[in-house]
Amino acid sequence: MRLGLLLVVSAGVSLGWIMRSPHPVTAQKSVNLPEYTAEGDMIAPKNYREWVFLTSGFDMTYRERAGAPDHSVFDNVFVNPEAYRSFLATGTWPDKTIMVLENRSAESKDGVIVKGGRFQNTNISGMEIHVKDSARFKREGPAGSWGFFDVDNGKGKVFEPKASCYTCHESHAAVDTTFVQFYPTLLPIAEAKKTFSEAYLKDREGVK
């Protein structure tokens, strides 16, 4: 009986503390922060597939192609949950936003039931990370607090500031140098919050 009474009292104390606490146990600080090696490489998050899925692109490219590609690729985009919740509230991205772009080749036959269309295979053929980290990146321009990393074997090498990815995102991205125009669940939020970039509005006006 004494052990049972102790358990009841302990549970009651714990429950009372939770109810009175000004910081509920559900209000936790971010656990998905960018991590780097001593050499400055980014450590790819292992749990990114538990993050918020934003979209899949299919054979997307930002360069003109002379002909059809020799194989098809899916691009899957994930973002850390803390950044996603902040975007829902503000229409833009907070510091420490981490976006993971995962590439998977497309398959058309499984030998059993697939008669048409494409599906993703199990092999990751490439990965890039786009991170907003104002303490680490302090360059001029709209993309100054963002960094791009090419991931290999769990670590990402940062792209040089002169890389085309920076200028392309600065010149065409819808929100905070990210391609929200391709994220169907976030585009209406940016529209409502009026957080579109001038560059994107100019592009959109030009295609009307």
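Q: Where does Thr-177 lie in this predicted model?
A: Thr-177 sits in the loop between α3 and α4 (187–193). The model is predicted.

Q: Why is Thr-177 called buried?
A: The relative accessible area of Thr-177 is 6%. Buried means under 20%. Therefore Thr-177 counts as buried.

Q: What makes the pair Thr-177 and Trp-146 a polar contact?
A: Their side chains are joined at 3.5 Å. The cut-off is a pair of N or O atoms within 3.5 Å, one able to donate a hydrogen and the other to accept it. The pair is therefore listed as a polar contact.

Q: Which residues are in contact with Thr-177, leaving aside its neighbours within four places in sequence?
A: They are His-130, Pro-142, Ala-143, Trp-146, His-169 and Glu-170. Contact here means heavy atoms within 4.5 Å.

Q: Which residues of helix α3 (164–172) are buried?
A: Cys-165, Tyr-166, Cys-168 and His-169 are buried. Their cover includes β5 (119–132), β6 (146–152) and β7 (155–158).

Q: Why is β6 described as largely enclosed by the rest of the structure?
A: Five of the seven residues of β6 are buried, so the strand is largely enclosed.

Q: What makes β5 and β6 a strand pair?
A: Five bridges link β5 and β6, in the antiparallel sense. A pair needs at least two bridges, so β5 and β6 qualify. Lys-132 stands opposite Trp-146 of β6.

Q: How do you know that β6 and β7 pair?
A: Four bridges join β6 to β7, which run antiparallel. The requirement is at least two, so β6 and β7 pair. In β7, Val-158 is the bridge partner of Phe-149.

Q: What lies between β6 and β7 in their hairpin?
A: Two residues lie between the strands. Asn-153, in the turn, has a positive phi of about 55 degrees.

Q: What makes Arg-136 count as a charge over the face of Tyr-36?
A: Arg-136 lies 3.6 Å from the ring centre of Tyr-36. The rule asks for CZ of Arg within 6 Å of the ring centre and within 35 degrees of the ring normal. Arg-136 is listed as lying over that face. Tyr-36 also forms one aromatic cluster with Phe-137 and Phe-149.

Q: Which residues touch the most other members of the largest nonpolar core?
A: Leu-54, Phe-87, Trp-93, Val-180 and Leu-186 do, out of 18 residues. In this core, α2 (81–90) gives the most, with three residues. Apart from it lies another core, of 14 residues, including Tyr-36 and Phe-149.

Terms used. Residues are numbered from 1 along each chain as its sequence is written. This is a predicted model: local features need pLDDT of at least 70, side-chain atom pairs count only at pLDDT 80 or more; totals for chains, interfaces and linings use all residues. Side-chain values use heavy atoms; hydrogens and water are left out. Buried means under 20% relative accessible area, exposed over 50%, partly exposed in between (1.4 Å probe, protein chains only). A nonpolar core is a set of buried Ala, Val, Leu, Ile, Met, Phe, Trp, Tyr and Cys residues joined through side-chain atoms within 4.5 Å. Rings of Phe, Tyr and Trp (its six-membered ring) pair if their centres lie within 6.5 Å; planes under 30 degrees apart count as stacked, over 60 as edge-to-face and the rest as tilted.
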